[in-house]
Amino acid sequence: MAYLKPHIRWFIVGATLFFLLQTLIRHWQEVTTIQISVAGWAILAGALCVTFLAHVWSSFVWTWILRELNQQVNNHHFIRVYLKTNIAKYLPGNVWHYYGRITAAKDAGVSTSVATLSVLLEPLLMAASALIIVLLGVSLEVGDRHLPLILLSILGLASVLIAIHPWFLNTAIRFLGKLKLKKNHNNTTDLHSSMVVNYPLKPLIGELGFVLLRGTGFLLTLLAFTSLQLEQLPLIMGAFSLAWLLGLIVPGAPGGLGVFEATAIALLEHRLSPGIVISAIAFYRLVSILAETSAAGFAWLDERRLDFN
C-alpha cells in the first residue's frame, strides 16, 4: 500500500484533469458565449462575502471542538491560527494546515494528543454535516436511481456519528497520550483531564452551518450566471455537498482541486446548461481561494496590530 499510495493519488489527479479537460472541450462554445451582467458581478461579490464568513465561522467551530476536549483556549488567538493556516491546504500533501494548527495548539499549552484529535475531529464533523445535507437534498427528489446514494449516505453518516461518540474519542486520546508518555515519561494528569464527557453536538451543528454557508456561496455563484427555481435548490445544495465531501476525503490534488470540480460537473451538467455549470464551478473555485486568502490576510493584519500595541 505504501508503494501504491502515491500512484493512486496521481491516478486520481490525472483522471479528474482528463475528465475536466474533455468536458471543457466538449462545451467550449457554450462557455465562450456566457457573459456576466452587472447584477451578476454584484451577486459574485455576495458569494465572496458569504464564503469568507463561512471560513471565519469554521474557525469559531474549531475553538468549540477544543472546548469539547476540555481545553481552555484563547478564542481570538486560535481563530487567527485557523485562518492563517487554512490556505496551507493547497500545498502538496494537503496536511500542512493540520500540522500548523497542531503546532500552534501545542505552543499554546494544548497536549499533542488533544491537538491532533481536534484537527482529526474537524473533518469528521464536516463529513457528517455534508452527508446530512446530501440526504436531505436527494430524499426530496424521489427516484429509485437515488436509492444506492441514499443508502451509502446513511451508512457513511452512521459510521461518522458513531466514530465521534465520546467512548471512541476518549479511546483515541488514551492511545495518542500513551504514545507520548512512552516517549517523554510524562505523568497522566493532562491525559485524564482531557477526556471527553459529552457528545460533540454543538461542533456538529456548527460544521453543519459551515457547509450550508459554503453551499449558499455556491448557489449565489450559480445565480450570477442563471436563474434558479426554488425546487432546484435542495438538489443543487445536495450535489454541492457531495462534491465538496469527495474533495475533502479523496486523496487527490491539494484542497480538493479537480475532485470537487469533476464531481460537481458530473452531478449538475444534466440538470443545468453544461456551459453555465462549468463557468460557475470555475468562478466558485476562484471565489473560494479569494475568500480563504482574504481571511488569512485579515488574521495576519490583526496579529500585526496586536504586536504593535
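Colleague: In this predicted model, at what angle do helix H3 and helix H6 pack, and how far apart are their axes?
Modeller: Helix H3 covers residues 38-68 and helix H6 covers residues 112-139, helices here being DSSP runs (H or I, at least four residues; strands are E, at least two). With axes fitted to C-alpha atoms over the stretch in contact, and angles running from 0 to 180 degrees between N-to-C directions, the two helices pack at about 120 degrees, with their axes separated by 10 Å.

Colleague: Which word describes how H3 and H6 are set relative to each other?
Modeller: Angles under 35 degrees count as roughly parallel, over 145 as roughly antiparallel, 65 to 115 as roughly perpendicular and the rest as oblique. The angle between H3 and H6 is about 120 degrees, and the pair is therefore oblique.

Colleague: Which residues of H6 are met by Ser 58, Trp 62, Ile 65 and Leu 66 of H3?
Modeller: The residues of this contact (heavy atoms within 4.5 Å) divide into seven nonpolar, two polar and one charged. On the H3 side stand Ser 58, Trp 62, Ile 65 and Leu 66, and what they meet in H6 is Ser 118, Val 119, Leu 121, Glu 122, Leu 125 and Met 126.

Colleague: How are H3 and H10 oriented to each other?
Modeller: Helix H10 spans residues 201-223, and its axis lies 8 Å from that of H3. The angle between H3 and H10 is about 170 degrees, so the two helices are roughly antiparallel.

Colleague: Is Ser 288 buried or exposed?
Modeller: Ser 288 belongs to helix H13, which runs over residues 274-308, and, leaving aside residues up to four places away in sequence, Ser 288 touches Thr 51, His 55 and Arg 214. Its relative accessibility is 2%, and the word buried is used under 20% relative accessible area, exposed over 50% and partly exposed in between (1.4 Å probe, protein chains only). Ser 288 therefore counts as buried.

Colleague: How many helices and strands does the protein have, and what share of its residues counts as buried?
Modeller: The secondary structure comes to 13 helices and zero strands. The protein has 309 residues, and the share of them that counts as buried is 46%.

Definitions and conventions
Residues are numbered from 1 along each chain as its sequence is written. This is a predicted model: local features need pLDDT of at least 70, side-chain atom pairs count only at pLDDT 80 or more; totals for chains, interfaces and linings use all residues. Side-chain values use heavy atoms; hydrogens and water are left out. Ala, Val, Leu, Ile, Met, Phe, Trp, Tyr, Cys and Pro count as nonpolar, Asp, Glu, Lys and Arg as charged, and the others, Gly among them, as polar.
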